[in-house]
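Here's a quick briefing to read with the model open beside you.

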Amino acid sequence: MKIIIAPDSFKGSVTAMEAALSIEKGIKNAYPNAETKLIPVADGGEGTMENLVSSTKGHKVSVTVTGPLGKPIEASFGVLGDNETCIIEMASASGLDLISRSERDPLTATTFGTGELIKKALDDGYRNFVLAIGGSATNDGGVGMLQALGMQILDKSGKEIDFGGGALNQIHEVLIDQFDKRIQESHFLIASDVENPLVGEKGASHVFGPQKGATDEMVRVLDENLTHWGNVVEQVTGIRLHERPGAGAAGGIGGAFQAFFPSTMKRGVDVVIEYSKLEEHLKGADLVITGEGQVDFQTAYGKTPMGVAQTAKKLNIPTIIIAGSIGERIQTLYQYGIIGVFSIINRPINLDEAMKESKKLLELTAEQVSRTYFFNKEGVNGNENQANN
């Protein structure tokens, strides 16, 4: 039997690779001779770089950059196994998890560090980029990133504007002469599930600002400032970002990529599936096991397990989801090739306990799931029967 193990991380608990290893251990407890292939996946948010580097046998490069609050931090970008493709995870340099809840402030948070990561990768010779832009702490329209790459974004006195979304109303002039010329020699694939426009009720500030620390008044200011930035971009490039789908991704950095970079946007999980060559590894598989922390009806909207299941369904391979918790209306998932959803919780237990024990709980659940599936399918009853075959 061949089983593909392709989970996302269980956020705050285990990484995707740790989850995959625990699931594999459970399967091997039942079927020691089973062929397993571990392909940790992600949806374009945190963990995307780690998963792609791991699945392609690539490597990481550490860089000191400007963090979201303007202080130096250690970040990294990944180089995939082809030694040609660079993957940059925005959260590594400009992520929400880099700062405490009390420090969250989209009026001052900057994407400058993300630009510094891109510049370092360009310096190292890379021209093919994957940008995973989930988990940002910023709402600056990507202006910090553009500044780090040489674009001059000036106020009325001719000085560079300050960091953060609160400074965008200072923009008076944009000079692109010194914008890194190597950008146009490159291609940027933007991994993002966000289709929100730049501004308005469904825009970056209103939808994502509050989780980044914005009050109602701050949301109003940020949206007005992004509107001003959108007006300036339209004057400079002729591209109108205000209502454009995806322009509001990651505090508006999606719009910066659309306006100033040779780029395309693609659903995050599809990017990971493509570069990890999941479909190729699925050939000859009997079963796929995927999972993540929370599974409910919203999983159908581009979450990692759904992308994995859709890929497996093309080859008529069934998929089982193992979840930390199960929410409402999971029956909607069964039409996509998912044959069952199982929670790792096996007794009354609080969240802290579950997170501490998640590796063992994943192992136990994977063993029971695989025993049940293969006994019902083939009458194979685990260790003893397989040893006799």
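Aspartate 123 is partly exposed in this predicted model, with a relative accessible area of 44%; buried means under 20%, exposed over 50% and partly exposed in between, using a 1.4 Å probe and protein chains only. Its salt-bridge partner is lysine 119, with the closest N and O atoms 3.5 Å apart. A salt bridge here is a side-chain nitrogen of Lys or Arg within 4 Å of a carboxyl oxygen of Asp or Glu.

Some ground rules before the rest. Residues are numbered from 1 along each chain as its sequence is written. As this is a predicted model, local features need pLDDT of at least 70 and side-chain atom pairs count only at pLDDT 80 or more, while totals for chains, interfaces and linings use all residues; side-chain values use heavy atoms, with hydrogens and water left out.

**Salt bridges**

- Lysine 119 and aspartate 123 both sit in helix α4 (residues 112-123), four residues apart, or about one turn of the helix. Helices (H or I, at least four residues) and strands (E, at least two) are DSSP runs, numbered from the N terminus.
- Lysine 119 is partly exposed too, at 33% relative accessibility.
- The pair belongs to a salt-bridge network that links Lys119, Asp123, Asp180 and Arg182.
- Under the 4 Å rule, the count comes to 18 salt bridges.
- Glutamate 274 and lysine 266 make another one, with closest N and O atoms 2.7 Å apart. Glutamate 274 is partly exposed at 43%, and lysine 266 is partly exposed at 33%.
- Glutamate 357 and arginine 347 meet in a salt bridge at 2.8 Å, N to O. Glutamate 357 lies in the loop between α12 (351-356) and α13 (358-378), and arginine 347 in the loop between β13 (338-343) and α12, so the pair ties together parts 10 residues apart in sequence.

**Nonpolar cores**

- The largest nonpolar core has 50 residues, and Phe77, Ile118, Phe129, Leu146, Trp229, Phe257 and Phe261 touch the most other members. A core is a set of buried Ala, Val, Leu, Ile, Met, Phe, Trp, Tyr and Cys residues joined through side-chain atoms within 4.5 Å.
- Helix α8 (residues 249-260) gives the most to this core, with seven residues.
- Apart from this core lies another, of 24 residues, among them Val53, Leu189, Tyr275 and Leu278.
- Phenylalanine 257 is found in α8 and is buried, at a relative accessible area of 1%.
- Not counting residues up to four places away in sequence, phenylalanine 257 touches Ile118, Leu131, Ile133, Met145, Phe188, Ile190 and Ser263; contact means heavy atoms within 4.5 Å.
- Phenylalanine 257 and leucine 146 are 111 residues apart in sequence but 9.5 Å apart in space, C-alpha to C-alpha.
- Phenylalanine 129 has contacts including Cys86, Ile88, Ile118 and Phe188, leaving aside neighbours within four places in sequence.

- Helix α1 (residues 16-30) has 15 residues and reaches 22 Å from first C-alpha to last, close to the expected 21 Å. The expected span is 1.5 Å times one less than the number of residues.
- Buried residues of α1 are Ala16, Ala19, Ala20, Ser22, Ile23, Gly26, Ile27 and Ala30. They cover an arc of only 165 degrees around the axis, which puts them on the same side of α1; the arc is that of the directions from the helix axis to the C-beta atoms.
- Helix α7 (residues 216-237) has 22 residues that should span 32 Å, and its end C-alpha atoms are 31 Å apart, which agrees.
- Among the buried residues of α7 are Met218, Leu222, Asp223, Asn225 and Trp229.
- The cover over the buried residues of α7 includes α5 (143-148), β7 (152-154), β8 (173-175), α6 (204-208) and α8.
- Glycine 238 follows α7 and has a positive phi, near 80 degrees.

**Strands**

- Strands β3 (residues 59-66) and β4 (residues 72-79) pair in the antiparallel sense over eight bridges; two strands pair if DSSP finds at least two bridges between them.
- Threonine 64 has glutamate 74 in β4 as its bridge partner.
- β3 and β4 form a hairpin with five residues between them, and glycine 70 in the turn has a positive phi of about 90 degrees.
- Threonine 319 is found in strand β12 (residues 319-326) and counts as buried at 0% relative accessibility.
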